[in-house]
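Please read the following briefing alongside the sequence and the coordinates. It moves from the overall fold to individual positions.

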Amino acid sequence: LGREIGTVSIALTDLSADDDLFATLPICFNAHVTHAQSVRVLPCGAKVLGGNAFEPHHIIRFRDNAWGVQFHPEFSEAIMTAYIHEQALALSGMGYDCDALLKAVTATPEANQLLTRFVQRCLKR
């Protein structure tokens, strides 16, 4: 599908309403992304919990205790900005407008909370 980089909006699917990690998130939230690979075929039993027009499989639940995300909940605004700066030459060569990508970087509090929520969930079990 190509490269997705920057701060993007991710929309949850209806299936997220029953998910421990994602049920209380807003239906749309921002997340930092940088990837060039995509999940093309889901394994048997996997459920898509969120995505966007570029990447329909941003959030996948594989089993009750196994999720995968295409975004980076560990990234801060500073990390995303630094990553775009570091990749600027290559990104420009691929036709990306690095100034526009940098201007679009914003806080991603909902995405950043996921790691804490995951750890809290694990400690409860």
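This is a predicted model: local features need pLDDT of at least 70, side-chain atom pairs count only at pLDDT 80 or more; totals for chains, interfaces and linings use all residues.

Residues are numbered from 1 along each chain as its sequence is written, and side-chain values use heavy atoms, with hydrogens and water left out. The protein chain holds 4 helices and 5 strands, where helices (H or I, at least four residues) and strands (E, at least two) are DSSP runs numbered from the N terminus.

**Overall fold**

- Followed along the sequence, the elements of the protein chain come in the pattern β-β-β-β-β-α-α-α-α.
- The radius of gyration of the protein chain is 15 Å, which agrees with the value near 14 Å that a compact globule of 125 residues would have; this radius is taken over C-alpha atoms, and the globule rule is 2.2 Å times the number of residues to the power 0.38.
- The C-alpha trace of the protein chain spans about 45 × 30 × 20 Å along its principal axes.
- Of the contacts in the protein chain between residues at least 6 apart in sequence, 64% join residues at least 24 apart, where contact means heavy atoms within 4.5 Å.

**Surface, burial and charge**

- Of the 125 residues of the protein chain, 38% count as buried; buried means under 20% relative accessible area, exposed means over 50%, and partly exposed lies in between (1.4 Å probe, protein chains only).
- The protein chain exposes about 7100 Å², of which carbon and sulfur atoms supply 57%; accessible areas come from the Shrake-Rupley method with a 1.4 Å probe, and for residues only the protein chains shown count as cover.
- There are 10 positive and 13 negative side chains in the protein chain, and the centres of the two sets lie 9 Å apart.
- In that charge count Lys and Arg are positive and Asp and Glu negative, whereas His and the chain ends are not counted; the place of a charge is taken as NZ of Lys, CZ of Arg, CG of Asp or CD of Glu.

**Cysteines**

- The count of disulfides comes to 0, a disulfide being a pair of cysteine sulfur atoms within 2.5 Å.
- C28 is partly exposed, with a relative accessible area of 43%, and C122 is also partly exposed, at 40%.

**Positions in the helices**

- L114 lies in helix α4 (residues 109-124) and counts as buried because its relative accessibility is 6%.
- Leaving out residues up to four places away in sequence, L114 touches L21, F22, L25, F71 and P73, and the C-alpha atoms of L114 and E74 are separated by 8.8 Å although the two residues are 40 residues apart along the chain.
- L102 belongs to helix α3 (residues 98-104) and counts as partly exposed because its relative accessibility is 22%.
- Beyond residues up to four places away in sequence, L102 touches T81, I84 and H85, while L102 and V41, 61 residues apart in sequence, are 32 Å apart in space from C-alpha to C-alpha.

**Positions in a strand and a loop**

- A66 lies in strand β5 (residues 66-69) and, at 28% relative accessibility, counts as partly exposed.
- Apart from its neighbours within four places in sequence, A66 is in contact with I60 and R61, and A66 and N112, 46 residues apart in sequence, have a C-alpha to C-alpha distance of 18 Å.
- A17 is found in the loop between β1 (4-12) and β2 (28-35), where A17 counts as exposed because its relative accessibility is 52%.
- A17 and L49 are 32 residues apart in sequence, with 8.8 Å between them in space, C-alpha to C-alpha.
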